[in-house]
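Dear colleague,

Please find below the structure that I am handing over to you, together with its sequence. My findings follow directly after it.

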Amino acid sequence: MMSGTYGITRQDGPAKVTGAATYAADYNAEGQLYAVLVGSSVTAGRVTGYDTAEAEAEPGVVHVLTGLPTVHEAFAGLPSPPLATRFLPMQNDEIHYWGQPVAMVLADSLEAAEGAATRVRVSYDRQPFVNPDTALAVTPSPDSGYGMLDAHEFRKGDAAGALAGSPVRASGTYTQPSRHGNPMEPSAILAEWHDGRLTVHDSVQHVYAVRDTLAAVFGLASDKVRVINPHTGGGFGTKAFIWPHEILASQAAKAVDRPVKLVLTRQDMYSIVGYQPLMEHRVELGANESGELQAIVHEVDNVTALTDDYVEFGSAPSKALYDVPNISTSQRVRRGNVNLSSFMRSPIDGPGTWALGSAMDELAHTLSVDPLTLRLTNYAEVSPADGTPWSSKKLREAYEEGARRFGWWDRPKGGTRDGHWLIGCGMADCTQGQFRFTSNARVRLRADGSVKVEAGYTDIGAGSTTIFPQIAAQTLGLDIRSVQGVSGDSELPYAGPTYGSGTTIAMGTAVHLAAGDVLRRLADVMSWPAEEVRADDGALTWRDHRRPYADILRAARLDEVIGDGAMVLPNGASADAGAPGMSTRTFGAMFIEVGVDPDLGLLRLRRATGVYSVGAVVNERTARSQMIGGLVWGWGMAAMEASHFEPNLGRWLSQDLAGVPLPVNADIPPHIDMSFVDEFDPHVGPLGAKGVGELSATGIAAAVANAVFDATGRRVRDLPITPEKLLDPRM
C-alpha cells in the first residue's frame with residue numbers, strides 16, 4: 001500500500017451528498033425537446049401500421065417519430081464492444097423483443113411526452129417467439145469473443161480420459177438467473193447539434209467509445225462529436241456498451257433540428273440496455289485419493305439475443321485457479337427473443353467462481369478433507385492454462401490471513417445452533433482477470449501551487465476522482481487538497497474505459513508519469529539533473545538545494561508547467577491482459593458465516609472475512625469500500641436477485657424496483673472484515689497496483705452456498721438461495 005493513504009477521504013463526497021454533482025439528466029439545453037420511447041407490446045413479429053393522430057393532438061407534442069434515417073456505412077465497421085448491437089430499432093419494421101422501441105414522442109415537457117406516448121397506436125403482425133431460457137444451446141458466432149478470450153473452447157491434455165480414470169469425482173449443474181444491474185441513475189442522454197457538430201451529455205463508462213460510435217453513425221470525423229459526462233451514477237457494466245437509445249436520441253435531434261433529452265425509465269432499463277444473462281454451468285472434477293486434481297471439465301451456456309451473441313465466459317476461472325494437468329472448457333449461447341445481455345459486475349469470473357467454488361466444496365466433502373486444504377493442495381504456482389508465470393500472486397498468504405482472522409481452522413464443522421438458527425461456515429476463492437488500456441493524462445502545476453489533473457476518464461463512483469489527484473499529489477509532494485481532477489469530457493486527453501478493472505492500472509500510470517514529467521520540466525528550468533531531483537512539500541530538491549515550485553515558476557516567468565504521461569502498451573495495442581509473457585490476475589479468499597431458520601427458510605449473513613492479493617493498494621479506504629460493496633453485490637446474487645423471463649408473455653416479469661429484492665442495510669451485518677496482503681506487482685505498471693472493483697464480487701455466491709451446506713446439509717445449486725429451496729423436502 002502506498003504510505004499514508006488510508007486517511008485520504010473521498011474528494012467527491014461533499015458534491016455528491018449535497019447534490020452539487022451533475023449527472024447526464026441534470027443538463028438542459030435551450031429549446032430542448034423531451035423524448036419518450038414507445039416500446040413494442042409484442043415479442044416477435046413486425047410493425048404493420050401506426051396511428052399517431054391522438055398523440056400528436058396532445059398539447060405540447062411537437063413530433064411523433066416512427067422511423068429514423070439509415071445510419072452511415074461506417075457503422076458496420078464498429079467493434080463490439082463498445083457497440084452493443086448491430087440491430088437498431090426504428091430502422092425497419094422487424095420486432096425481436098418486447099419493449100423494443102418502435103416510436104419516439106418529442107414534446108416541450110416530459111409530462112406531455114409521457115402522456116402522448118400512451119396514445120400512439122401501433123398494429124403488429126404477431127409471430128411466435130423463442131423463450132431464451134429454454135432455447136437450444138448453440139456455438140456462438142465466430143466474432144463474438146469480444147477481444148478478451150480467443151476461443152469458445154479450450155483444451156489442455158485429455159480431460160475426458162483423466163476424468164474417467166480419476167478414483168474420486170464430483171460433478172454438478174449450477175445455474176444462475178438473469179439479473180439486471182439497476183444502477184441508481186438510469187441511462188440518460190441530451191443530444192444537440194450546432195453547425196454540423198454533435199454534443200451529448202451521456203451517462204456512460206467511456207466517453208470516447210460513445211464519441212467514435214456516434215461519429216460512425218453519422219459519417220463524421222471524431223472531432224465533430226463531443227461527449228461530456230462528469231459523473232455516472234452507477235454503471236456495473238451496463239453503461240460500458242453503447243446502446244440504441246444513444247443513437248436514437250442523436251438521430252432525433254438531427255432530424256428535428258432541436259436538442260433532444262432522453263432519460264430512460266426504470267422499465268426502459270429492462271428492455272433497452274443489458275443485463276447479466278441466465279447461465280448454466282456443468283462442472284466435473286476428478287482427483288486422486290490425496291486430493292490432487294486430475295481433470296476439470298467446465299461447460300457453460302448463457303442467454304443472448306436473436307440479433308447478436310453475447311458470450312459470458314464463465315469457464316475462465318477453471319483455467320486460472322488450480323494446478324491441474326487436464327482441462328476442458330466450452331461456451332455456448334441460447335438465442336431467443338429478448339434484448340441483448342451484456343457485462344455486469346463481475347463478468348466472467350463472478351459467474352465462474354460460483355460454479356467452480358461450489359464444485360470444489362463438493363469434492364472436498366467427497367474426499368473428507370477441509371475445503372481450504374483441498375485448495376492448498378492444488379495451489380497453482382504458474383498459470384494452469386499455459387504455464388506462464390504470474391506477474392504477482394499472494395493467494396497463499398491471503399488464505400492464511402483470512403483463515404486466521406475468521407477462525408476457520410477452529411470453527412465447528414458440520415454446523416452448530418444459535419437458538420433456533422442453524423449456523424454454518426463456507427469459503428471460496430476469488431479471482432478476476434485484469435485488463436490494461438491505453439490512457440493519457442495531463443498535469444498542470446500553476447504558479448499559485450495548485451494542480452489540475454486532466455483526463456477523460458469517467459467517474460462511476462468507485463473512487464477515481466480521489467485516487468488520481470492523490471497519485472499526482474504524492475508524486476509532486478503536495479497536499480491532495482491543492483489538486484483538482486478534471487474528467488469526463490472527450491476533449492480531454494484520451495483515457496481508457498472505466499471497466500475491466502483496468503482504470504487504476506492505466507489511468508494511475510498515466511497520471512503518475514504526467515506528474516513526473518512536471519518534475520522533469522522543473523528540473524530543466526533549474527538546470528538540475530532530472531534523475532536526481534525529489535519532490536518535497538511543494539518544492540524541488542537536489543542534494544542540499546531546495547526550491548519551492550512557486551519560486552521556480554516566478555523566476556522563469558511561467559504561469560504553469562504542463563506535464564504529459566501515457567500508459568503505452570506493447571505493439572501499440574489499445575488494450576491487453578497484462579505484460580506479455582505473464583499471466584495477470586487478482587486473487588482472494590472469502591470466508592462466510594450464515595444462519596438458516598429451518599422452519600421459515602430464512603437465510604441471514606452473520607459475518608464475512610475477505611483477504612485479497614491485488615498488488616499495491618493505492619488508497620485503502622476506497623479499496624476497502626469497493627470490497628464491502630462487492631460483498632453486498634455478491635450477497636444479492638447469492639440470496640435475493642433474479643430477473644425472470646415470463647414464458648407466456650415473452651417479457652421480463654418484474655420491471656421496477658418494487659418487484660426486485662435488493663440487499664439493504666438490514667441484510668448486511670456490521671461484522672465485515674476486508675483486508676489486503678502486502679504486495680507490489682512490478683509488471684503491470686510503476687504503481688504496482690491492480691484493479692479491485694470486480695474482484696470484490698467474485699467468490700461470494702459459492703462461499704454462501706457452501707456455508708448453507710455446512711449449516712443444513714442441503715446443497716443448493718440453483719441461485720438465488722431463497723426460502724422455498726431451503727424448505728423443499730426433495731433436497
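In what follows, a contact means heavy atoms within 4.5 Å. Please note that the model is a predicted one.

With contact understood in this way, L106 touches L33, Y34, A35, V61, V62, H63, L65, A252, V256 and V260, leaving aside residues up to four places away in sequence. L106 also belongs to the largest nonpolar core, which has 100 residues. The residues with the most contacts inside this core are M104, L106, L476, L522 and L540. Its largest share, 12 residues, is supplied by helix α12 (residues 503-526). Apart from this core lies another one of 78 residues, including V614, L631, L695 and A701.

T43 counts as buried because its relative accessibility is 4%. Its side chain reaches two backbone oxygens: that of L649 at 3.3 Å, and that of G650, which lies 2.8 Å from a polar atom of the T43 side chain. Residues touched by T43, not counting those up to four places away in sequence, are I95, H96, Y97, W98, F129, N337, L649 and G650.

Finally, the cysteines. With sulfur atoms required to lie within 2.5 Å, the count of disulfides is 0. For C425, the nearest cysteine sulfur is that of C430, 16 Å away. The sulfur of C430 likewise has C425 as its closest partner at 16 Å, which is too far for a bond. C425 counts as buried, since its relative accessibility is 9%, and C430 is buried with a relative accessible area of 0%.

With kind regards

Key. Residues numbered from 1 in each chain as written. Predicted model: local features only at pLDDT ≥ 70, side-chain atom pairs only at ≥ 80, totals over all residues. Heavy atoms only, no water. Core = buried A, V, L, I, M, F, W, Y, C linked by side-chain atoms within 4.5 Å. Buried < 20%, exposed > 50% of the residue type's maximum accessible area, 1.4 Å probe, protein only. Helix = DSSP H or I, 4+ residues; strand = E, 2+ residues; numbered from the N terminus. Polar contact = N/O pair within 3.5 Å; in protein donor to acceptor, adjacent residues only side chain to side chain.
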